[in-house]
Amino acid sequence: MSEDPTPAEALEAIARSRRTVHDRVAAGGWRYDLTYAAIVAGMVGGQALDIPFNVLASTLGVLALALIFQHESRRTGLRITGVSPRRARWVAIAMGLLFAAVMLGVVYLRRTASDVPVGLVFAAAAAVAFGLALIGSRIWRRVYRAEMGTGE
Amino acid sequence: MSRVPQFDPVIHAPGRLQICAILSAADEAEFAMVRDAIAVSDSVLSKHLKQLEEAGYVRLRKQAHAGRQRTWLSLTPAGRTAFAAHVAELQRLAAMTAPEPLGQGFSG
């Protein structure tokens with residue numbers, strides 16, 4: 001690129017730089033998404049357990065999420081929280097609401113249907129949360145990629 | 001974020017434009033990552049960052065990890081606004097200078 005790029009050259013340079021960022025984030029993305037989904041599954045499914053194990057599941061889950069975020073930041077040289085990109089943040093917010101809904105559903109089920117085995121509730125909630133987290137992560141990446149491509 | 005098109009000479013220089021483009025796509029980016037992405041030396045990147053920092057567009061944060069110091073860069077709110085306005089102006093100018101599309105059906 002010249003020292004005084006034309007508008008078209010400058011826009012192309014911006015798009016190229018953003019592709020570099022996206023490519024770094026995308027590399028190893030499946031491993032991150034699977035780990036993330038497993039942690040969320042433990043947190044959500046853990047709400048089926050009695051006190052203090054449900055609190056422990058939430059606490060350990062938050063710690064694990066912080067650890068994989070740190071690890072990913074060091075690996076890519078980039079820090080991107082789920083709610084930072086203007087459009088992709090809505091995917092992250094929707095995911096958070098869905099996880100909260102499943103958690104509340106688990107708590108409600110445990111209180112109203114105490115005859116249902118804890119293990120079954122745990123497994124079902126964890127499976128649902130895992131699926132939602134994995135699908136949500138992949139959608140978030142698609143929206144983020146589209147956002148990077150718009151030059152905004 | 002302001003979308004009013006406004007050309008910004010501080011951002012428009014090629015190196016700084018690429019730095020802002022990378023930082024606009026993340027909350028923070030590490031110094032070494034940005035240096036490698038735009039293929040410049042440490043000193044050249046530092047010079048660009050100094051200019052962006054003086055303009056109030058970039059913030060630097062140092063963090064020690066495993067006995068090694070890392071520098072994280074981020075755009076300030078003013079930097080994000082200025083970059084968005086600059087991109088909007090580039091898009092406006094590019095649209096003005098784009099060639100007229102050929103008519104359909106009579107070009108052959």
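Predicted model: local features only at pLDDT ≥ 70, side-chain atom pairs only at ≥ 80, totals over all residues.
Figure 1. The peptide bond from A:Ile51 to A:Pro52 is cis. Its omega is near 5 degrees. Most peptide bonds are trans.

**Figure 2. Chain A is built from five helices and one strand.** Its elements follow the pattern α-α-α-β-α-α along the sequence. The C-alpha atoms fill a box of roughly 70 × 25 × 20 Å along the principal axes. Mean pLDDT for chain A is 90. Of its residues, 97% reach 70 or more.

**Figure 3. Helices H4 and H5 of chain A are roughly antiparallel.** The pair consists of H4 (residues 88–112) and H5 (residues 118–149) of chain A. Their axes come within 8 Å and cross at roughly 175 degrees. This angle is over 145, so the two helices count as roughly antiparallel. From H4(A), the contact includes A:Ala88, A:Val91, A:Met95, A:Phe99, A:Val102 and A:Leu109. From H5(A), the contributors include A:Val121, A:Ala125, A:Leu132, A:Gly136, A:Trp140 and A:Tyr144. A:Arg110 of H4(A) and A:Glu147 of H5(A) also take part. By class, the contact has 19 nonpolar residues, one polar and two charged.

**Figure 4. The contact between the chains takes 21 residues from chain A and 21 residues from chain B.** On the chain A side, helix H1 (7–26) and strand S1 (78–79) are the elements that give two or more residues. H1(A) supplies the largest share, ten residues. The chain A side divides into twelve nonpolar, six polar and three charged residues. For the model, ipTM is 0.81 and pTM is 0.83.

**Figure 5. A strand of chain A pairs with a strand of chain B.** S1(A) and strand S1 (residues 28–30) of chain B run antiparallel, joined by two bridges. A:Leu78 has B:Ala29 of S1(B) as its bridge partner. The pairing belongs to an open sheet of four strands, in the order S1(A)-S1(B)-S3(B)-S2(B). Pairing in this sheet is antiparallel. S1 of chain A and strand S2 (58–65) of chain B stand at the edges. Each has a single partner strand, so one side of each is left without a neighbour in the sheet. In a regular strand, side chains alternate between the two faces of the sheet.

**Figure 6. S2 and S3 of chain B form a hairpin.** Eight bridges join S2(B) to strand S3 (residues 68–75) of chain B, and the two strands run antiparallel. B:Gln63 has B:Arg70 as its bridge partner. B:Ala64 stands opposite B:Gln69. Two residues lie between the strands. In the turn, B:Ala66 has a positive phi of about 50 degrees.

**Figure 7. B:Ala39 has a positive phi in a loop of chain B.** The loop runs between helix H3 (31–38) and H4 of chain B. Phi is about 55 degrees at B:Ala39, although this residue is not a glycine. Most residues other than glycine have a negative phi.

**Figure 8. Helices H2 and H4 of chain B are roughly perpendicular.** The axes of H2 (residues 14–24) and H4 (residues 42–54) of chain B come within 10 Å. They cross at roughly 75 degrees. That angle lies in the range 65 to 115, so the pair counts as roughly perpendicular. B:Gly15, B:Arg16 and B:Ile19 of H2(B) make the contact with B:Val44, B:His48, B:Gln51 and B:Leu52 of H4(B). The contact residues divide into three nonpolar, three polar and one charged.

**Figure 9. Residues 104–108 of chain B have pLDDT under 50.** The model has one contact beyond four places in sequence for this stretch. Over chain B, mean pLDDT is 88. In that chain, 87% of residues reach 70 or more.

How values were computed. Residues numbered from 1 in each chain as written. Chains lettered and ligands numbered in written order. Contact = placed C-beta atoms within 7 Å. Nonpolar A, V, L, I, M, F, W, Y, C, P; charged D, E, K, R; others polar. Pairing = 2+ DSSP bridges. Axes fitted to C-alpha atoms, helices over the stretch in contact; angles between N-to-C directions. Parallel < 35°, antiparallel > 145°, perpendicular 65-115°, else oblique. pLDDT = per-residue confidence, 0-100.
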